[in-house]
Amino acid sequence: MSVILGKGEHRYRVVENWARLPDGWEFMDVGAVAVDSKDRVYVFNRGEHPMIVFDRDGNFLRSWGEGQFPRAHGLHIDKDDTLYCTDDGGHFVRKCTTEGKVLLEIGVPGKPAPYMSGSPFHRCTHTALSPRGDIYVSDGYGNARVHKYSPDGKLLMSWGEPGSGPGQFNIVHNIATDAEGWVYVADRENHRVQVFDGNGTYEAQWNNLHRPCGLYCCHGAQPSFVIGELGPGMRVNLKHPNLGPRISIVDKQGALIARLGGEQGAGLAAGKFLAPHGIALDSRGDIYVGEVSYTNWPSSFPDQPMPRPLRSLQKLERVQ
């Protein structure tokens, strides 16, 4: 019998073994997922084939990017089905076609800015677009900044600094925008999402989140947001219930609408998560969850040998 997560209007069926990889392939960590206008699913991962493309039924279509991405991290797709691939290990963002042709590159591959200098990039994490096409990049692990670029890749401005106050960041891990131009930033280790206007002015923050990692805006007149939350990362609270890993759905004010999983910690059973890192939805409202399972295993299960392969991609099919 299928496992169902959620309640009421927000119920999702766990689709096990959805992605049909070619024989001998594995994803390793899945940093991010995106879905195009034809419901093709792009899986940005840290295996030998960085971008693997499937149809909505999980059939393999193609791969690209081999040898070109040191550490896949973030993926955004625009209304024209153009992909923005953010690589934190390479310190760059590449704008690509769905076939992998590079249209624009921001950052110098392999040459990070000085640690916490505020200059782009030091392990950038994700990308989002304003309604007019400006490019926002969250940056990231070795910085505490958001950078805003023109559509042709010219740096316009940056904001943010290390800390826990408004407009400060402790691992600025993901970024999203809505149709009105508000900018939403997953401030992971401050356990919040911060909201800014298009020029970096702090407006609000959403609390009651646990290490928000993945962030997806469901566009519309009243957008909701799907957030992937990591579970505890320290031995002292490793077994605490109700901290995730899990998926949360919130409204534009950050109020909780639904929560999927996470009551009893991490796991490999259907309905459990290891490390939700990248989130995307298709035209039917099905949720695709990329997980950095291999990176997370030693902290979630420090005394257990790591099984291979680990599940690092899940599909949650919305129950109509």
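**View A. The sulfur of C213 lies 15 Å from the closest cysteine sulfur, that of C124, which is too far for a bond.** The model shown here and in the views below is predicted, so that local features need a pLDDT of at least 70 and side-chain atom pairs count only at pLDDT 80 or more, whereas totals for chains, interfaces and linings use all residues. Residues are numbered from 1 along each chain as its sequence is written, and side-chain values use heavy atoms, with hydrogens and water left out. With a disulfide taken as a pair of cysteine sulfur atoms within 2.5 Å, the count comes to 0 disulfides. C124 is in no disulfide, its nearest cysteine sulfur being that of C85, at 11 Å.

**View B. Strands β7 and β8 form a hairpin with 5 residues between them.** Strands here are DSSP runs of E with at least two residues, numbered from the N terminus. Strand β7 covers residues 72–77, and because 5 of its 6 residues are buried, the strand is largely enclosed by the rest of the structure. Its pairing with β8 (residues 83–87) is antiparallel and runs over 5 bridges, where pairing requires that DSSP finds at least two bridges between the strands. At one of these positions, I77 has L83 of β8 as its bridge partner. Within the turn, D81 has a positive phi of about 65°.

View C. W18 counts as buried at 7% relative accessibility, and F54 is buried with a relative accessible area of 0%. Y184 and F225 form another tilted aromatic pair, with 4.5 Å from centre to centre and 50° between the planes. This pair also links distant parts of the chain, with Y184 in strand β18 (residues 183–187) and F225 in strand β22 (residues 224–229), 41 residues apart. Y184, at 1% relative accessibility, counts as buried, and F225 is buried at 0%. One aromatic cluster is formed by W18, W25, F27, F54, F60 and Y288.

**View D. R94 lies over the faces of F69 and F92.** The distance to the ring centre is 5.3 Å for F69 and 3.9 Å for F92. A charge is taken to sit over a ring if NZ of Lys or CZ of Arg is within 6 Å of the ring centre and within 35 degrees of the ring normal.

**View E. The side chains of T125 and S138 are joined by a polar contact of 2.6 Å.** Such a contact is a pair of N or O atoms within 3.5 Å; within protein, one atom must be able to donate a hydrogen and the other to accept it, and residues adjacent in sequence count only if both atoms are side-chain atoms. T125 is placed in strand β11 (residues 124–129) and is buried, with a relative accessible area of 0%. Leaving aside neighbours within four places in sequence, T125 is in contact (heavy atoms within 4.5 Å) with residues including H73, T86, D139 and H173. D139 lies in strand β12 (residues 135–139) and counts as buried at 0% relative accessibility. With the neighbours within four places in sequence again left aside, the contacts of D139 include P120, F121, C124 and H147.

**View F. Backbone geometry includes a cis peptide bond between P120 and F121, with omega about -20°.** F121 is placed in the loop between β10 (102–106) and β11. The peptide bond from G244 to P245 is likewise cis, with omega near 10°, and P245 is in the loop between β22 and β23 (246–250). N17, although not a glycine, has a positive phi of about 55°; its place is in the loop between β2 and β3, and at 72% relative accessibility N17 counts as exposed. D39, also not a glycine, has a positive phi of about 60° and is found in the loop between β3 and β4 (41–45), where D39 is buried with a relative accessible area of 9%.

Key:
Buried < 20%, exposed > 50% of the residue type's maximum accessible area, 1.4 Å probe, protein only. Helix = DSSP H or I, 4+ residues; strand = E, 2+ residues; numbered from the N terminus. Phe/Tyr/Trp six-rings, centres within 6.5 Å; stacked < 30°, edge-to-face > 60°.
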